[in-house]
Amino acid sequence: TELAKADKELTETQEGHLSAIQKDARTIAGDDEARAKAIQWIDQNLPVFVYLDDYPEIPGHQSIPAFLKRKAEGTLEPEDENFEKLCKVAGLDPAKLQELQNIDTEQRNQLANRASSVVSAELQKRWTDRGVKVRFNLDGNDIQTFVSDTTYTFDVDVNLDERSRGFRWFFGFYTAFAADTDGGDKDTAILLLDEPGLFLHAKSQG
């Protein structure tokens with residue numbers, strides 16, 4: 001009917017293909033077992049889609065006891081979850097840091113320094129705009145994340161909260177992506193990014 005409306009005619013070959021498709025369709029429609037298997041196959045192979053409409057915000061300042069308390073109570077906020085992802089990427093254990101606070105401050109600082117080196121090296125592989133260095137600073141119960149530009153004569157530490165929105169987008173996205181795909185629940189997911197890198201200039205967007 002639709003072909004007639006459009007004043008189109010099928011060739012003999014096309015007619016043959018269409019007839020074969022119609023025959024197969026009728027067969028499939030009546031085969032409940034095959035239909036169930038097809039649905040099962042789709043369920044098993046359908047990828048996970050993850051939609052990100054904004055960047056994961058990671059706090060530049062975190063109280064370790066408050067974080068551990070919320071985690072134990074199961075009341076983590078989104079920023080807490082992103083901080084936890086940063087710790088995963090950095091190889092930091094907040095509980096271990098808290099345990100060492102009054103026992104071995106030297107080991108505690110060593111753990112923070114090693115984590116700083118790990119994140120700095122990984123971040124620099126992807127942030128090609130300029131040289132940057134990440135430093136985790138432990139101050140009593142608190143941990144602060146500083147980022148400095150290494151292109152200057154002296155490194156000037158700036159708290160992550162005070163960096164540009166573009167850099168924080170990149171840092172947050174990279175951290176969440178690295179954590180979630182390293183044995184996480186998004187390891188085989190398809191990411192849908194809404195205006196990725198909107199606050200970055202053209203080179204960094206690329």
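Which residues do ring pairs link into a cluster? Select Trp 169, Phe 173 and Phe 177, and you have that cluster on screen. Rings of Phe, Tyr and Trp (its six-membered ring) pair if their centres lie within 6.5 Å; planes under 30 degrees apart count as stacked, over 60 as edge-to-face and the rest as tilted.

Before you go on, a word about the model. This is a predicted model, with residues numbered from 1 along each chain as its sequence is written. Local features need pLDDT of at least 70 and side-chain atom pairs count only at pLDDT 80 or more, while totals for chains, interfaces and linings use all residues, and side-chain values use heavy atoms, with hydrogens and water left out.

**First stop: Phe 67 and Phe 83**

A search of the whole structure finds 4 aromatic pairs. For one of them, select Phe 67 and Phe 83: the pair is edge-to-face, with 5.1 Å from centre to centre and 80° between the planes. Phe 67 belongs to helix α4 (residues 64-73) and Phe 83 to helix α5 (residues 78-90), so this pair ties together parts that are 16 residues apart in sequence. Helices (H or I, at least four residues) and strands (E, at least two) are DSSP runs, numbered from the N terminus.

Phe 67 and Phe 83 are both buried; that word means under 20% relative accessible area, with exposed over 50% and partly exposed in between (1.4 Å probe, protein chains only). Phe 83 counts as buried because its relative accessibility is 4%. Now show what surrounds Phe 83: leaving out residues up to four places away in sequence, Phe 83 touches Pro 59, Gln 62, Phe 67, Pro 94 and Ile 143. Contact here means heavy atoms within 4.5 Å.

**Second stop: α4 against α5**

Colour the two helices. α4 and α5 pack at an angle of about 105°, and their axes are 11 Å apart. Axes are lines fitted to C-alpha atoms, for helices over the stretch in contact, and angles run from 0 to 180 degrees between N-to-C directions. The two helices, α4 and α5, are therefore roughly perpendicular to each other (65 to 115 degrees; under 35 is roughly parallel, over 145 roughly antiparallel and the rest oblique). To see the contact, pick Phe 67, Arg 70 and Lys 71 on α4, then Asp 80, Phe 83 and Glu 84 on α5.

Move along to Phe 167 and Phe 171, an aromatic pair that is stacked, at 6.1 Å centre to centre and 25° between the planes. Both residues sit in helix α8 (residues 165-181), 4 residues apart, about one turn of the helix. Phe 167 and Phe 171 are both buried.

Next, select Leu 123 in helix α7 (residues 105-126). With 1% relative accessibility, Leu 123 counts as buried. Apart from neighbours within four places in sequence, Leu 123 is in contact with Val 132, Val 134, Phe 167, Phe 170, Phe 171 and Tyr 174.

**Last stop: Phe 136**

Finish in strand β3 (residues 132-139), where Phe 136 lies. Phe 136 counts as buried at 4% relative accessibility. Among the residues that Phe 136 touches, not counting those up to four places away in sequence, are Leu 86, Ala 90, Val 119 and Ile 143.
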